[in-house]
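My notes follow the order in which I checked them.

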Amino acid sequence: MSAATGSPDLAIAPQALDTQAVPATQVRSYWQSVLYRLRHDPVTLAFAAIVLAIILTAIFAPEVAPFDPYRDSIIGRLKPFGWRNHLLGTDDLGRDMLSRLIYGGRIALLMGIVPVVIASAIGGTLGVVGGFAGGWINTAIMRTMDVFYAFPSVLLAVAIAGAMGGGILNGMLALTLVFIPPICRIAETATSQVRSLDFIEAARASGAGPLTIIRHHVLGNVLAPVFIYASSLVSVSMLLASGLSFLGLGVRPPTPDWGLMLSTLRQAIWVQPAVCAMPGVAIFITSVCFNLVSDGLRAAMDVRL
Amino acid sequence: MSLPAPDARDRGGPQQPLLIARDLRKHFAVKGAKGAKGRPKGRKMVQAVDGVSFAVRKGETLGVVGESGCGKSTLARLLLHLIVPDAGVLVFDGDEVAAPRGIAVAALRRQVQMVFQDSYSSLNPRMPVRDSVAFGPYVQGQPKSAARRVAQDMLAQVGLDPGLFGPRYPHELSGGQKQRVNIARALAMGPRMVVLDEPVSALDKSIEAQVLNLLLDLKQRLGLTYLFISHDLSVVRFIADRVLVMYLGRVVEIGPSDMLFARPLHPYTQALLASRPSMDPARRIEEPPIVGDPPNPIDPPPGCRFHTRCPYAEAVCSARDPALTAAEGWDAHAAACHIHDPASGHSLASRLAA
């Protein structure tokens, strides 16, 4: 198994001794090894399955939902679990709770994922540029981020959404702005850590320009921390979106939304506590699942374990 | 010393030094040490490299030794223009670097490459080592497949089976293997000169010997010229044809390796050599040859920079800066010390001249 036997022009066989120190292992690419570790992590897999189920249910809501989420009924208001085939009961206007939760998942996922994706693109770019350029460019970008960072995220989201008025689009815009600073900071930290390493200097010595170096040597090292952090922000974003709706700054009735449903049903908490808690349960389960999947990804993507 | 087969890129012929550095200077501003009211005027500067001149002969290995912080690594980066010098001239094979009619920095970097000390941080952890090696040729405009072939060939040249080690990540390799990959990466650019910045300092002794032998072998096979930086005197003695000794950003002594090790001229070199552990128990020394740390390079002492620690220091040493006596010819052995300048007025100088 000597490394020297493979190449005929090797006149230095005695020096090739330390090539035997590591036994031949199966060689995988980075993403293959991530996938391999994920496949051997049953907890993450289980929660990823739940996340997938939630996403699929939301996408195929018209097919899955047993009732029309908007059809109300005067006599069927605030009924318990299982009343006349309403599996999770009915809300204060007699609409089917389960169907409204299923449709509400669409808004929740939209508000959870879209702002994080956009913020990752913008914040990640700013962070990489700042971290790689250094100097006054970095100072300018990061101090601007610090201004936004100084506000608590809930307050900032409420303030932006409140200033622009409610609605799904404004809500998503507000959440995007809230998430740019932390993502930018993660990307900036990862970039400036990598930038000072010798392999960047070696790349410069081989004649590569800054864009080539960023593309080949920086992005690969920054993507993983940003991706992991962003995946943990999805649940935060969903919670904040529910909060905005709860305050009347997000989705408007009668659109089904978990935060909004929680807000309206809180008055009936003494009448049907279990039914009224259902939107909260949905938020809880979804965000916990996203968090656990994000944790699993973090473990699987860390090469230097 | 036998010169390697003529290189098509050779412009100046065998007598033209491959690299000449003349009065290279690099001072770094110290962060947070601004002058009054934050004006850069009063800013303190670290004099990392302060007026270094030398020449590297084609096909030789020039060793550079000195304590930590004496400017060895800064010097290495200056030679590749990874750090732009504040002042001074670099001439590569007769062409001045980054001058209007000279050689461009990009062209210089195709011919001069560097091997870094820390084999861990000098390889991208998210890149198979094969791709790290292929990156240079790829950046130089070769198609991916050709760059990868160069990488395979280079890995084989440094004694790593390309099929077995090429697809691996740095964390799957040992320190010696990583350093071999670093050497392969530098060689993939097809350089004529390689600057080796402490290439074996982080390795075990047994691996160190293997890598040193590999370096000697590659030098012969590819006709390379080395600038070998190290703080390990025995390593330098083993590999270098000529040696340059640095102290606080300056050259204090330069000369052929055997002459310098047999009869060091500068008191600092003498102390350095005396500090080596001896193989002979009877010759072990109890007292350290020099005491204390090197002075702060932010505020180096006036005159000879070594006078604060020199056992022979006299008034003239703190008053005047000794020049490195003009070293003509490749066998010249010179030291920047008043003792070796009969006109300096140092009490030992006259005795030496007599």
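I looked up the sheet in chain B and found an open one of 4 strands, ordered β2-β1-β4-β5, with antiparallel pairing. β2 (45–56) and β5 (95–96) of chain B are at the edges with a single partner strand each, so one side of each has no neighbour in the sheet. Strands here are DSSP runs of E, at least two residues; helices are runs of H or I, at least four; both are numbered from the N terminus. Pairing takes at least two DSSP bridges between two strands.

The model is predicted: local features need pLDDT of at least 70, side-chain atom pairs count only at pLDDT 80 or more, and totals for chains, interfaces and linings use all residues. Residues are numbered from 1 along each chain as its sequence is written, with chains lettered from A and ligands numbered from 1 in the order written.

Strand β4 (residues 87–92) of chain B pairs with β5(B) in the antiparallel sense over 2 bridges. V91(B) sits opposite E96(B) of β5(B).

I moved to chain A. G259(A) lies in helix α10 (residues 258–265). Is G259(A) buried or exposed? It is buried, because 28 other C-beta atoms lie within 10 Å. The cut-offs are 20 or more for buried, 12 or fewer for exposed, and partly exposed in between, with C-beta atoms placed from the backbone. Beyond four places in sequence, the contacts of G259(A) include A241(A), L244(A), F246(A) and G250(A). Contact means backbone-placed C-beta atoms within 7 Å.

Last, I turned to helix α10 (residues 267–274) of chain B, where P267(B), Y268(B), T269(B) and L272(B) are buried. The buried residues of α10(B) pack against α8 (233–239), β9 (242–247), β10 (250–256) and α9 (257–262) of chain B.

Note on methods: Two residues are in contact if their C-beta atoms, placed from the backbone, lie within 7 Å.
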